[in-house]
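Thanks for coming, everyone. Let me put the structure up, and then we'll walk through it piece by piece.

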Amino acid sequence: MTYQESETVELKSIVVDDIQKEIIAFANSNGGKLYIGVRDDGEVLGLDEPDGTALQISNMVRDTIKPDVTMFLHYKTIEEAGKQIIEITVQRGTDCPYYIAKKGMRPEGVYVRQGYSSVPASDAAIRRMIKETDGDHFETMRCLDQELTFNATEKEFQFHNVEFGPQQMRTLKLMDPDGLYSNLALLLSDQNPYTIKIAVFQGNNQMVFKDRREFRGSLLKQMNEVYDYIDFRNQIHATIEKLSRVDVRDYPIIAIREALLNLLVHRDYSFSASSLISIYDDRIEFVSIGGLLTGIELEDIMAGISICRNQNLANLFYRLHLIEAYGTGLTKIMEAYEGSSKKPILSTTKNSFKITLPNINAKDETNFASKISDNITVSFISELGRDEEKVLDYIKKHGSITRPKAEQLLGTSPSTASRLIRKMVQSGLLLQHGKARNIYYTLVK
């Protein structure tokens with residue numbers, strides 16, 4: 001038999017460390033054969049102890065290559081020209097990318113076959129292999145960085161009296177059976193690259209900055225620090241009702257809490273941009289990266305329907321008693337403003353979801369919803385038809401309305417509901433937001 005190196009054949013005269021690189025390259029590519037005891041030019045040198053050599057290679061593969069690739073290797077001792085050599089058949093693995101354990105899932109540790117050589121894989125190639133193997137769901141994919149620490153997360157678990165060890169990490173899907181961290185582990189690690197940016201503005205626009213901060217680290221650490229930052233600025237205003245003093249915060253605590261948890265749990269972490277929180281005199285805006293999932297519309301969200309983008313992350317927050325059940329957070333936000341003339345507003349674009357919490361104590365004489373509740377402009381409202389009043393009352397209670405919801409509310413046809421809403425927009429009563437299937441309407445402020 002003639003031996004010659006090719007894209008699927010590699011020749012080695014003796015066992016060297018480079019063998020692990022060749023095996024990794026074949027397992028990450030289309031498989032191949034590795035012959036030990038044959039020189040690069042094809043000359044058969046043979047091996048004195050082929051069984052011992054095969055055992056040496058087997059131990060090397062088991063100890064230095066991750067994930068476990070041994071099931072994709074087949075060893076065979078063959079005789080050629082009176083000499084014994086080893087043939088190692090390597091199949092393409094099912095857990096690509098394979099890499100040298102001490103190098104990590106980086107180009108210097110991941111190899112692919114290119115022509116007659118085994119070369120380092122590019123970052124793009126590594127990501128592509130992970131995506132092909134693990135699917136396109138961010139939190140379940142293997143993390144490129146396997147050197148993670150969890151100091152902040154361990155403290156949070158201890159605070160909630162929940163164990164946090166290797167077994168719990170596997171149960172919670174932070175780690176797979178091979179001991180490799182998922183992207184969910186990255187989000188909970190001290191090395192988490194996803195941040196929350198907060199800006200505090202003077203007045204009701206973005207003309208003047210009063211303060212700005214960026215919060216880093218584990219999502220649980222960011223959660224606590226961001227809540228404390230907002231809570232410090234959530235002022236208390238006192239009013240007198242008869243003989244009693246009534247203290248009212250600018251923003252209901254439960255609304256702040258649920259908006260923040262929504263920002264953390266439901267954002268799309270396949271985008272690298274920071275989540276944004278903007279604090280104005282009259283409102284706080286929570287902008288989460290990632291729009292609604294396909295098939296879900298804003299009116300579905302308002303009805304309490306929820307499909308969780310990050311199921312494992314939500315389950316972890318549930319285990320820590322931070323959330324009670326999926327889909328209840330936005331309902332709690334709306335209920336927190338019950339009895340107030342000002343209501344939260346939900347809005348969405350293709351790549352973002354925004355929750356706007358109004359400042360209950362803010363003085364805003366141009367706020368139309370506030371005027372209605374305070375019986376100001378009663379003569380103007382009385383001139384509206386009954387259908388218009390129903391629409392306004394619904395928005396006052398729920399923050400916004402969609403055309404299908406108006407159709408259902410009024411018991412009219414789609415065209416009639418559309419004409420009514422268009423008329424209210426043209427009259428300056430309503431504002432239109434969103435596009436296509438995500439269009440909704442709010443009161444003019």
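Which exposed residues does the face of H4 turned away from its buried side carry? They are Lys155 and Gln158. Before I go on, a reminder: this is a predicted model.

Let's stay with H4. This helix spans residues 151-159, and its buried residues are Ala152, Thr153, Glu156 and Phe157. Why do these four end up on the same side of H4? Because they cover an arc of only 135° around the axis. So what do the buried residues of H4 pack against? Three helices: H6 at 183-188, H7 at 219-233 and H10 at 311-319. Just after H4 comes Asn161, which takes a positive phi of about 55°.

H10 gives us the next stop. It also packs with H8, residues 253-265. The angle is about 140°, and the axes are 10 Å apart. Angles over 145 would count as roughly antiparallel, and 65 to 115 as roughly perpendicular. H8 and H10 are therefore oblique to each other. Who makes the contact? From H8, it is Leu261, Leu264 and Val265. From H10, it is Leu313, Ala314 and Phe317. By class, that contact has 6 nonpolar residues, with no polar and no charged ones.

H14 covers residues 386-398, and H16 covers residues 414-426. Their axes come within 11 Å and cross at roughly 75°. H14 and H16 are therefore roughly perpendicular to each other. On the H14 side, the contact uses Asp387, Glu388, Val391 and Leu392. On the H16 side, look for Leu420, Lys423 and Met424. What is the mix by class? The contact of H14 with H16 has 4 nonpolar, no polar and 3 charged residues.

Look at S5, residues 83-90. It pairs with S2, residues 32-36, in the antiparallel sense over 5 bridges. S5 is also joined to S4, again antiparallel, by 8 bridges. Find Glu87 in S5. Tyr35 stands opposite Glu87, and Lys76 stands opposite Glu87 as well. S4 and S5 make a hairpin with 2 residues between the strands, and there Ala81 takes a positive phi near 55°.

There's another hairpin to point out. S7, residues 111-114, and S8, residues 117-120, pair in the antiparallel sense over 4 bridges. Gln114 stands opposite Ser117 in S8. This hairpin has 2 residues between its strands, and Gly115 in the turn has a positive phi of about 65°.

Last, the sheet with 6 strands. Its order is S10-S9-S13-S14-S16-S15. This sheet is open too, with mixed pairing. The edge strands are S10, at 209-215, and S15, at 345-349, and each pairs on one side only. From one strand to the next, the twist averages 15°.

Within this sheet, look at S13 and S14. S13 is residues 275-279, S14 is residues 283-289, and they pair in the antiparallel sense over 4 bridges. Ser278 stands opposite Glu285 in S14.

Which helix lies across S15 and S16? That is H11, residues 329-336. It runs at about 20° to S16, which is residues 352-358.

Over to you for questions.

Methods: Residues are numbered from 1 along each chain as its sequence is written. This is a predicted model: local features need pLDDT of at least 70, side-chain atom pairs count only at pLDDT 80 or more; totals for chains, interfaces and linings use all residues. Side-chain values use heavy atoms; hydrogens and water are left out. Two strands pair if DSSP finds at least two bridges between them. Axes are lines fitted to C-alpha atoms, for helices over the stretch in contact, and angles run from 0 to 180 degrees between N-to-C directions. Contact means heavy atoms within 4.5 Å. Buried means under 20% relative accessible area, exposed over 50%, partly exposed in between (1.4 Å probe, protein chains only). The arc is that of the directions from the helix axis to the C-beta atoms. Angles under 35 degrees count as roughly parallel, over 145 as roughly antiparallel, 65 to 115 as roughly perpendicular and the rest as oblique. Ala, Val, Leu, Ile, Met, Phe, Trp, Tyr, Cys and Pro count as nonpolar, Asp, Glu, Lys and Arg as charged, and the others, Gly among them, as polar.
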